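Subject: Structure handover

Hello,

Here is the structure I promised to pass on. Please open it alongside this message.

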Amino acid sequence: MKRIVSLGVLLGLALAAGAGMGAAREELYVLVPKSVVHPYWARVKKGMEAEAKRLGVKAVFDGPTSNDLAKQIEIIEGYVTRRASGIAISPNDPRGVEAIIAKAVRRDTPVITFDSDAPTSERVLYIGTVNKEAGRVAGREMVKALGGKGAVAVLHGSVTAMNLQERLAGFREIVDQAPGITVVALEENRDDAALATSQAESLLIKYPKLGAFYGTSAPGAPAAVTALKSKGRLGKVKVIGFDLSPENAKAIERGWITAIIEQRPYRMGELAVMWLVRLHRGERPDRTIVDTGVDVVTKDNVRALAAALK
């Protein structure tokens, strides 16, 4: 009787044989974002691709289609099994990725985080915005925009993502010191633009005297603009959020968005690949955080900064 062996088993035997003979390990570097749907992540990917080309290495950008922790872990697990040379992660939940990071490290795959951190994990390095300070910057812009008085609603991307928690904490640290400003609502949208818009519309009905929206992640500000347009209140409610886009740039010029706190996603992609390669080749950093900084985008500088978008 003939024994039928599956292709998967044959591939596994071949890989095992190759490992036993000391086969060369392909250099493969991986960036795993929270999701891949928003243009923000496309800019991270462009930075990754440019640096990978400059260094002559292979890099891939692979993440879930929504902020799905289980799917993100499944993707990371696949690259850990393939023994990738290095993995960079923007965690949907910092605690949720600790086990898979530990597994990667045990298999000699260095792990860093970008955009959002997992500081109690075994990651070597975090590359990105220092988000609590970015939240403080947003808070100062809000106090200035409202003249120290008004009701604010928060369109919050995620209650588990550490970067967004920190942006909210930094923001509250500043606005809570302004006795005339009150945060009246917080809605989690899971970075879903349609949900964020629906929430903003409902908040405008619930709080007819709302003074401002604060969006902690990329969908927040454009969702607020869409909701304000539908209610005929464009320009009458202040909007402050994160991440510049062509859409947001136009809204700033028209006075519909007050300010955008712009991160540097392209730079995050560049530095993530650069450090993964260095770690794979034995270098160790002298720090655990690389701050990529932010820019405050307003009517005064929007054209110059929008022209420089990568």
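Below is what I found, from the whole chain down to single residues.

**The chain as a whole**

Please keep in mind that this is a predicted model. The chain has 11 helices and 12 strands. Its radius of gyration is 22 Å, close to the 19 Å that the globule rule gives for 310 residues, so the chain is as compact as a globular protein of that length. Along the principal axes, the C-alpha atoms fill a box of roughly 80 × 45 × 35 Å.

Buried residues account for 51% of the 310 residues. The chain exposes about 14,500 Å². Carbon and sulfur atoms supply 53% of that area. Take the contacts between residues at least 6 apart in sequence: 74% of them join residues at least 24 apart. On charge, the chain has 44 positive and 34 negative ones. Their mean positions lie 3 Å apart.

**Helix 9**

Which residues of helix 9 are buried? Helix 9 spans residues 246-253, and its buried residues are Asn-248, Ala-249, Ala-251 and Ile-252. They cover an arc of only 165 degrees around the axis, so they sit on the same side of helix 9. Pro-246, Glu-247 and Lys-250 are exposed on the other side.

Several elements cover the buried residues. Among them are helix 8 (220-230) and helix 11 (302-307). Strand 9 (238-242), strand 10 (259-262) and strand 12 (295-297) are also included. Just after helix 9 comes Gly-255, with a positive phi of about 85 degrees.

Start with Ser-35. It lies in the loop between strand 1 (28-32) and helix 2 (39-55). Its relative accessibility is 4%, under the 20% cut-off, so Ser-35 counts as buried. Leaving aside residues up to four places away in sequence, Ser-35 touches Trp-41, Pro-64, Thr-65, Ser-66 and Asn-67.

Most residues other than glycine have a negative phi. Asp-115 has a positive phi, near 70 degrees. Asp-191 also has a positive phi, of about 60 degrees, although it is not a glycine.

Where do they lie? Asp-115 is in the loop between strand 4 (111-114) and strand 5 (126-128). Asp-191 is in the loop between strand 7 (180-188) and helix 7 (193-206). Asp-115 is buried, with a relative accessible area of 2%. Asp-191 counts as partly exposed, at 23% relative accessibility.

Best regards

Notes
Residues are numbered from 1 along each chain as its sequence is written. This is a predicted model: local features need pLDDT of at least 70, side-chain atom pairs count only at pLDDT 80 or more; totals for chains, interfaces and linings use all residues. Side-chain values use heavy atoms; hydrogens and water are left out. Helices (H or I, at least four residues) and strands (E, at least two) are DSSP runs, numbered from the N terminus. The radius of gyration is taken over C-alpha atoms; the globule rule is 2.2 Å times the number of residues to the power 0.38. Buried means under 20% relative accessible area, exposed over 50%, partly exposed in between (1.4 Å probe, protein chains only). Contact means heavy atoms within 4.5 Å. Accessible areas come from the Shrake-Rupley method with a 1.4 Å probe; for residues, only the protein chains shown count as cover. Lys and Arg count as positive and Asp and Glu as negative; His and the chain ends are not counted. The place of a charge is taken as NZ of Lys, CZ of Arg, CG of Asp or CD of Glu. The arc is that of the directions from the helix axis to the C-beta atoms.
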